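User: Hi! I am new to this structure and would like to learn how to read a few of its features. Could you take me through them?

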Number of protein chains: 2
Amino acid sequence: MSKILDTSNCKHCAYRSWAFNKLDQQALEKIDSHKTEVFYEKGEVICTEGEEVNSFLYLRKGLVKLLTTEKNEKEHIISIGKPLDFIGLLSIFSNSNHIYTITAIEDSVVCFVDLEVIKGLMRQNGKFALDFLEKSSRVADDVINTRISINTKQLRGRIAYILLFFANHIYNTSEYELPISRKELAQLIDMSTENVIRILSEFRKDKLIEIEGKLIRILDGQRLQRIYDLG
Amino acid sequence: MSKILDTSNCKHCAYRSWAFNKLDQQALEKIDSHKTEVFYEKGEVICTEGEEVNSFLYLRKGLVKLLTTEKNEKEHIISIGKPLDFIGLLSIFSNSNHIYTITAIEDSVVCFVDLEVIKGLMRQNGKFALDFLEKSSRVADDVINTRISINTKQLRGRIAYILLFFANHIYNTSEYELPISRKELAQLIDMSTENVIRILSEFRKDKLIEIEGKLIRILDGQRLQRIYDLG
DNA sequence: TATCATAACTGATATATATCATAGGGAGCT
DNA sequence: AGCTCCCTATGATATATATCAGTTATGATA
């Protein structure tokens, strides 16, 4: 079950020195007094598509997925959020309701800061606002570029991409526990579950990776990269 | 050929009252004195992938395409920019070099404002910065959502989407001149040129549209919408 | 006007990918 | 223990889409 955490340790939060480095002591204290830190177990929903947005939220620990449900009922995973990511993406500034559902795919800690407080600080402090704009732009660009490069590649290239993504951007190691099922992988890189499984098996037979359930061990990252590059 | 225009008519620019409505007279004059307005003929390149970013740019008249060239040499169109769009997208804030090439697909007028001037105004004026963040967030969201919904649909749905896109979002009429070739349509909605042509022909045979070269006349928008919705 | 290049188009075929069918394995539940 | 559900897995088949080949328009240029 999710539970609200004691927030007395905010002063040493890495996020603070990253995203809030343009704020003075007084502003930081204001944020501290308008925030809540919540622990979520793997699988729990953090916020739901359609819900009113009233917090700015960032991930302190764990891993989350952003997903959307199209009219045709199929779930699509937009992106994976990692610690220090501003997981609501930009939509919380343009939209009064969440356009994505966010779910913990590992035990996670999320900070909720009152959105009006953040906006108020931005209005007062243009440097903070600009700094935030620059940082969040990078996130938005990443999502766009990732979508394009996934969709212009065929299945082997997509699987190569996602394996390297977890190795290089999430876990920083060539051996890791996949945080999501094969079905979710499929939703993330736009392919059928069966083909995700099939191509993982091919890669195993080709000695590119080893698989033990959710455990992935990358044996030949360079060749994987080449498969991705070639499409 | 492109040519620099006289900019004496800035005071009545629609963009100004849209994007710059949080700025005072002095700030507006500063922008005026650091901007250049340039006319581009259809087909001319406005900025190139890799080039250094030193301007904030918005479209006053015409229509442009944003494209990127993947490693595999294929061009992909990211989005179509229309008047009042902030055509550099967010990347100009996160990246010191352009990540897209922008080309006029109709005779166009583009305003270049010194980016440092804009950033300076944002630092001074948090309300302006936040307002801009909210507006540009919407653009980024649109691009992301469009990419996802295109890629989760099959060919007929994609063609239906793009036909309705030009009708509803660009020209606001059910009869219009397509500003791009079939090949460019294909690059925009991720399919082969032949299939773009084929499905346009199917739609013509099905009495959904009429086609005369680049002229499109939508006969049954509701049915097109249904084709899009169903995928 | 003739010529060339490129775009639009169509049919036939190959390929990529999804879907269907089936089965074993593991987790949670009674 | 047995049951049920979902995940993983694999093969066979159907379908969607791209590619290849060839034809007809269209527009630019000399």
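Analyst: Gladly! Let us start with a meeting of two helices in chain B: B:I118, B:L121, B:M122 and B:Q124 of α4(B) are in contact (heavy atoms within 4.5 Å) with B:G126, B:F128, B:A129 and B:F132 of α5(B). By class, this contact has six nonpolar, two polar and no charged residues. This is a predicted model, where local features need pLDDT of at least 70 and side-chain atom pairs pLDDT 80 or more, while totals for chains, interfaces and linings use all residues. Residues are numbered from 1 along each chain as its sequence is written, chains are lettered from A in the order in which they are written, and side-chain values use heavy atoms, without hydrogens and water.

User: How do I describe the way two helices pack?

Analyst: Two packed helices are described by the angle and the distance between their axes. Here the axes of α4 (residues 115-124) and α5 of chain B come within 5 Å and cross at roughly 115 degrees. The axes are lines fitted to C-alpha atoms over the stretch in contact, with angles from 0 to 180 degrees between N-to-C directions.

User: Which residues of α9(B) are buried, and which are exposed?

Analyst: Buried means under 20% relative accessible area, exposed over 50%, and partly exposed in between (1.4 Å probe, protein chains only). In α9 (residues 221-230) of chain B, the residues B:L224, B:I227 and B:Y228 are buried. They lie on the same side of α9(B) because they cover an arc of only 100 degrees around the axis, taken from the directions from the helix axis to the C-beta atoms. The face turned away from that buried side carries the exposed B:Q222 and B:L230. Among the elements covering the buried residues are α6 (155-171), α8 (193-205) and β10 (209-212) of chain B. Just after α9(B), B:G231 has a positive phi of about 105 degrees.

User: How do I read a strand such as β7(B) and its pairing?

Analyst: Helices (H or I, at least four residues) and strands (E, at least two) are DSSP runs, numbered from the N terminus. Two strands pair if DSSP finds at least two bridges between them. Strand β7 of chain B (residues 101-104) pairs with β3(B) (residues 45-47) in the antiparallel sense over two bridges, and B:V45 has B:T103 as its bridge partner.

Definitions and conventions. Ala, Val, Leu, Ile, Met, Phe, Trp, Tyr, Cys and Pro count as nonpolar, Asp, Glu, Lys and Arg as charged, and the others, Gly among them, as polar.
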